[in-house]
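Q: How do I read a metal site from a model? Please walk me through it.

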Amino acid sequence: MQRLAKLIYPAQCLTCDEMIEVERGLCPKCWSETPYIVDHPCDCCGRPLVGDAEEGDLCDDCRSRPKDWDRGRAVMLYGGNARSMVLRFKHGDRTDLAHPMGTWLAEAAAPLIAPETVVAPVPLHWLRLLRRRYNQSALLGQRVAKLHGVNYIPDLLRRPSATRKLDGMTAEQRRDTVAGAIRINRAQAGRIEGRPVLLIDDVLTTGATLGECAQACRKAGATSVHVAVLARVDREA
Ligand SMILES: [Zn+2]
Ligand SMILES: [Zn+2]
């Protein structure tokens with residue numbers, strides 16, 4: 001039956017019109033244009049390390065400026081087909097991408113997940129949520145938690161005030177802009193006390209927002225805070 005369905009409806013590449021054999025995949029061309037991060041990433045921000053890197057190594061940036069979270073992983077570098085995929089997912093109503101991208105993210109985040117881990121997304125301000133109709137990070141988080149069979153709390157964190165868009169800002173401006181913008185949801189705080197938390201976001205640029213989220217989780221008693229993102233912007237902050 002499945003085979004028949006496939007003959008009638010061949011699968012389409014996630015990012016172009018090309019027909020492919022596997023469902024929810026990329027055609028060879030789009031695949032080759034997607035900068036997946038393989039081998040040894042920085043253990044904190046997930047960017048690929050150059051040279052002889054070992055498991056657990058950090059990039060220069062994370063060594064000189066420790067982040068507010070413990071460990072991190074990213075699926076891809078923010079560029080090429082990865083960028084266009086993230087933008088379609090975020091602004092193009094392509095919520096169907098949450099399934100394959102959440103699967104990739106679950107795989108990348110595997111070293112950071114323990115049975116007692118609680119998964120939570122970076123929150124959107126309600127106005128932005130209203131406009132976009134979905135929180136792309138929440139869709140990803142849901143998939144990651146489901147695949148690993150761990151707890152998922154979509155409303156663990158809140159963003160009570162709207163902050164300006166961070167695009168084009170320096171690391172310092174980003175930090176100032178999001179300072180104090182993230183709060184723990186008091187009704188859920190008890191569920192992370194004494195437990196590790198894995199934060200989910202779509203893009204990691206300087207880490208200002210994730211840093212705020214991590215601080216809020218620590219204050220609520222999380223034992224560790226890791227982050228997993230779809231795409232890492234690879235430029236010096
Ligand atoms: Zn394609
Ligand atoms: Zn790093």
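Predicted model: local features only at pLDDT ≥ 70, side-chain atom pairs only at ≥ 80, totals over all residues.

Q: Which residues coordinate the zinc ion (ligand 1)?

A: Look for the donor atoms around the metal. Here the SG atoms of Cys13, Cys16, Cys27 and Cys30 coordinate the zinc ion (ligand 1), at 2.3 Å. Along the chain, these donors follow the spacing C-x2-C-x10-C-x2-C.

Q: What does the pair Cys16 and Cys30 tie together?

A: Place each donor in its element. Cys16 lies in the loop between strand S1 (11–12) and strand S2 (19–20), and Cys30 lies in helix H2 (residues 28–32), so the pair ties together parts 14 residues apart in sequence. Cys30 is buried, at 7% relative accessible area.

Q: What geometry does the site of the zinc ion (ligand 1) have?

A: Check the angles against the ideal. For four tetrahedral donors that is 109.5 degrees. The angles among the four donor atoms of the zinc ion (ligand 1) are 104 to 116°, and the site is tetrahedral.

Q: Which residues coordinate the zinc ion (ligand 2)?

A: Apply the reading again. Cys42, Cys45, Cys59 and Cys62 each coordinate the zinc ion (ligand 2) through SG, at 2.3 Å. Its site is tetrahedral, with angles of 106 to 115°. The donor spacing is C-x2-C-x13-C-x2-C. Cys42, in the loop between H2 and helix H3 (60–64), and Cys62, in helix H3, link distant parts of the chain, 20 residues apart.

Q: Is Cys62 buried or exposed?

A: Compare its accessibility with the cut-off. Cys62 has 3% relative accessibility and counts as buried. Cys42 is buried too, at 0%.

Notes: Residues numbered from 1 in each chain as written. Chains lettered and ligands numbered in written order. Heavy atoms only, no water. Donors = N, O, S within 2.8 Å, 3.2 Å for Na, K, Ca; no water. Tetrahedral: all angles 85-135°; square planar, octahedral: opposite > 155°, others 65-115°. Helix = DSSP H or I, 4+ residues; strand = E, 2+ residues; numbered from the N terminus. Buried < 20%, exposed > 50% of the residue type's maximum accessible area, 1.4 Å probe, protein only.
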